[in-house]
Amino acid sequence: MANIPDPVSSHAALLHAAILDHSGYGIIATTPEGVITVFNRAAERMLGYRAEEVIHQLTPAPFHDPQEVVARAAEFSAELGVTIAPGFEVFVARARRGLPNEYEWSYIRKDGSRFRILLSVTALRDEQEVLIGFLGMVVDVTERLWARRELAEREAQYRQLFEDNPNAMLLYDIDSLSILAVNDALLQLYGYTEPELIGQPLHLLWAPDECGELMRLIGLLRNDTSAATFHQRWRNVRKGGQEFHVETTSRRQSVGERRARFVLVHEISDTVRVERLAEDQARFLNQLLDALPMPVFYKDRAGNYLGANPAYFNLLGLSPEHFLGRTVDQIAGPELAAIYRAADQLVFDQPDVAHVYTSQVRDGAGDLRDVVFHKAAFRDHQGRVAGLIGILIDITEQRRAAQALRESEARLMQVLHNSPLPIFVIDDQHRVVLWNLACERVIGIPAAEMLGTRDAWRAFYAEPRPVMADLIVSGGDEGNVRALYGLQCARSALNPEAFEAEGFFPTLAEGEGRWLYFSASPLRDAEGSVVGAIETLVDITERKRAEAEARLLTEDLEARVLARTNELARANEELRQAMGQLVQAEKLASLGTLVAGVAHELNTPLGNMRTVASSFEHRLQAFAAALASNSLRRSMLDEFVAAARDAAGIIERNAQRATELIGDFKQVAVDQTSTRRREFDLAKVIDEIHGALRPRLRQTPHQLEMSVPSGIMMDSYPGPLEQVLLNFFNNSLMHGFAAGEAGLISLRAGVLDDGRAELVYADNGQGMDEATAARAFDPFFTTRLGKGGSGLGLYIVFNLVTGVLGGEVVMDSRPGEGTRFRLVLPRVAPVQRVTDGEGEAHAG
């Protein structure tokens, strides 16, 4: 960057010097080649160099991170389409081409410390547009807001630098709102040329929805005669329509007769973004602080509580109002307050060290609780210690638990030591650390000889070899365990990490030997690492002796059981045959009842036909006599013909009735005496049963109501189905109704949603109690033993329904409420092998 031209007067020189020395920005000017020619006081403060150390001595390169320079060189080379070597050209390449050149950089102070800056570089040209150097404006980003306010307050001092200033500036008429002047930085910021802006209304640069607020504020500023600086944030619009955030700093300015305001514009899009991120982060930190389960508090340097989270207030049982803005002396007792003050002072004396110590606090109930304090100092934006933050961890319960654990461990050791079972424990070095009294008694070796040794094997074996506990400590590999203990070894069913086995140890009991069951399991620490193993022994010598005796008894018993089993098998076969005969007898008994009923019903039509035949025979004899004597008259012939016609009609009707009765009985009898499969309409089969039952039903005072729609086609076994319904009917007559009582029997049928057929048979008879109903389907169970009941009726029903018919049967009965049977049958019976009266045949 070139030397700034000589001032035209001493006054101007003094003004330039004052501007440079009192600027809140670091100002660094260079020759076109990069040699520093101006290095103001702000730059000295920022970088730690004196002006005489750098002017005409250095380029800005020592202030920059070399790696960052290399990276920016690559970035700008790609952007500008030219190769830019790492060095001074990186800082000025964009400015040299008239492009905006404002970027953040990492600056390195003379002492080596680093800080982030915003560097704006402007090319300086003379009146002939010849490049005479570069002007760099440096802003410490950490103090950017303060620097902006200082710059706005001193804006009048920078009027001479208006055109060359890297900050966007404009001047507008407060009455007409027209733009009077703009600098290059503003043109670059908004993307306009100067003719495009001069004379245009100010709100051209404002977002449309903020123009109303702009007009309101300008209306207030028109009446402001003070020299106050006005700051405001806005959303402005670039020429291309892109919105961005700016902060304006304006002051009243007179331009001749015009009332104007001078406006310094800073783009703060990054700042707004950072602020929003900071606000989001602050909200997140506050929410995180509130959500933390451990108590957290923070104080300022003077010891005043600045804040705390809910867990802190809950622990102490006090409200935020009781804490905030107060010191420990105003909250805690004198003794605790003195302890806290001393601990806080130590944090302030050693701010770079995290402090951890144990103390006590008094909770809301007034009880002292043991806590661990974690304290650390925090600093303000200038790096000064501003206060401390503390975290409390309540260890009251932890200490109580530790004490309880110690007591529990002591009790456990007593339990292990005094256990009636032999127990020994080894550590991770295979040293015996416990050899209880039972071990001394069973093994015969005192604890004093075993504790601390690695020779647990000598208590059990004649030669050195690992015991099971040693194998567990060495990793518990199942292959190694089985290699020593064979198939007798197995993993414990209760603890998959444990192994158990049994074996004979001939060296025990003074050479007599003992059988031992032994189990070994790992011992782990809190992190799950194996720190030892415990082995438990059980003397099973007597059990082994008893097992040997039991084996002999078992062999003898097995022989007896085999013989008895053969006898029971023969008896069971005889019983099965007897049951089959009884079931067949029960089926024939039902058929016999039908035969008796049908025979009784046939008496009526057959008797009628016999009477008519006898009467007609007498008439025939009289007619023959008249004919033989030639005394036959016309009237006698007509009377004989009429009588013959009546007799024939009566005989025909009664013969038809007999035929129907015999047909129904024949179909039922055929179905009953054979189990053959056929397709049938359920209504027709039930109607046939009804016809067969009608003679018997007439002999009783009972009524039978049926509701069976036609069209329910079945591919099943009508015989078993008829047997089931006949058994229900017989059960009602024999068990359901008291003598002389008129009852109601109902039978209805339908089709369920799943396509199966449903039959519901019910009577309103005496019903059954719970005990009787529970056994109703048992074989040979009857309440009328010796009175005609065999106890097989419902047993046959259950087997036929669930067997050959492939369905379900459910009974519901209560005393005094009758009995109800519900059958659910598949409309296509399952294929099976059944037996009919002529032998075995394949059903279906």
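Predicted model: local features only at pLDDT ≥ 70, side-chain atom pairs only at ≥ 80, totals over all residues.
Residues are numbered from 1 along each chain as its sequence is written, and side-chain values use heavy atoms, leaving out hydrogens and water.

Rings of Phe, Tyr and Trp (its six-membered ring) pair if their centres lie within 6.5 Å; planes under 30 degrees apart count as stacked, over 60 as edge-to-face and the rest as tilted. The ring centres of Phe-134 and Phe-88 are 6.1 Å apart with planes at 70°, so this pair is edge-to-face. Phe-88 belongs to helix H5 (residues 88-96) and Phe-134 to strand S5 (residues 131-140), so the pair ties together parts that are 46 residues apart in sequence. Helices (H or I, at least four residues) and strands (E, at least two) are DSSP runs, numbered from the N terminus. Phe-88 is buried too, at 13% relative accessibility.

A second pair to look at is Phe-424 with Trp-435: their centres lie 5.5 Å apart and their planes meet at 35°, so the pair is tilted. It links distant parts of the chain, with Phe-424 in strand S16 (residues 423-427) and Trp-435 in strand S17 (residues 432-435), eleven residues apart. Both Phe-424 and Trp-435 are buried. Elsewhere, one aromatic cluster is formed by Phe-297, Tyr-305, Tyr-312, Phe-313, Tyr-340, Tyr-357 and Phe-373.

Now for the charges. The structure holds 46 salt bridges, each a side-chain nitrogen of Lys or Arg within 4 Å of a carboxyl oxygen of Asp or Glu. In one of them, Glu-68 meets Arg-116 at 3.1 Å, N to O. Glu-68 sits in helix H4 (residues 66-80) and Arg-116 in strand S4 (residues 114-125), so this bridge ties together parts that are 48 residues apart in sequence. Glu-68 is buried at 15% relative accessibility, whereas Arg-116 is partly exposed at 33%.

Further along, Arg-822 and Glu-758 form a salt bridge at 2.6 Å, N to O. Here two strands are involved: Arg-822 lies in S28 (residues 819-825) and Glu-758 in S26 (residues 757-763), so the pair ties together parts that are 64 residues apart in sequence. Arg-822 is partly exposed, with 26% relative accessibility, and Glu-758 is buried, with 13%. Shared partners also join salt bridges into one network of Asp-363, Arg-369, Asp-394, Glu-397 and Arg-400. Within this group, Asp-363 and Arg-369 meet at 3.9 Å, N to O; Asp-363 is buried with a relative accessible area of 13%, and Arg-369 is buried with 16%.

Finally, let us step out to the surface, where Glu-163, Asp-164, Asp-184 and Glu-194 gather in a patch of negative charge. Patches are made of residues with over 30% relative accessible area and no salt bridge, with like charges joined within 9 Å and nonpolar side chains (Val, Leu, Ile, Met, Phe, Trp, Tyr) within 5 Å. Accessible areas come from the Shrake-Rupley method with a 1.4 Å probe, and for residues only the protein chains shown count as cover. Lys and Arg count as positive and Asp and Glu as negative, with His and the chain ends not counted; the place of a charge is NZ of Lys, CZ of Arg, CG of Asp or CD of Glu. Asp-184 is in helix H7 (residues 184-190) and is partly exposed, at 43% relative accessibility.

How values were computed
Buried < 20%, exposed > 50% of the residue type's maximum accessible area, 1.4 Å probe, protein only.
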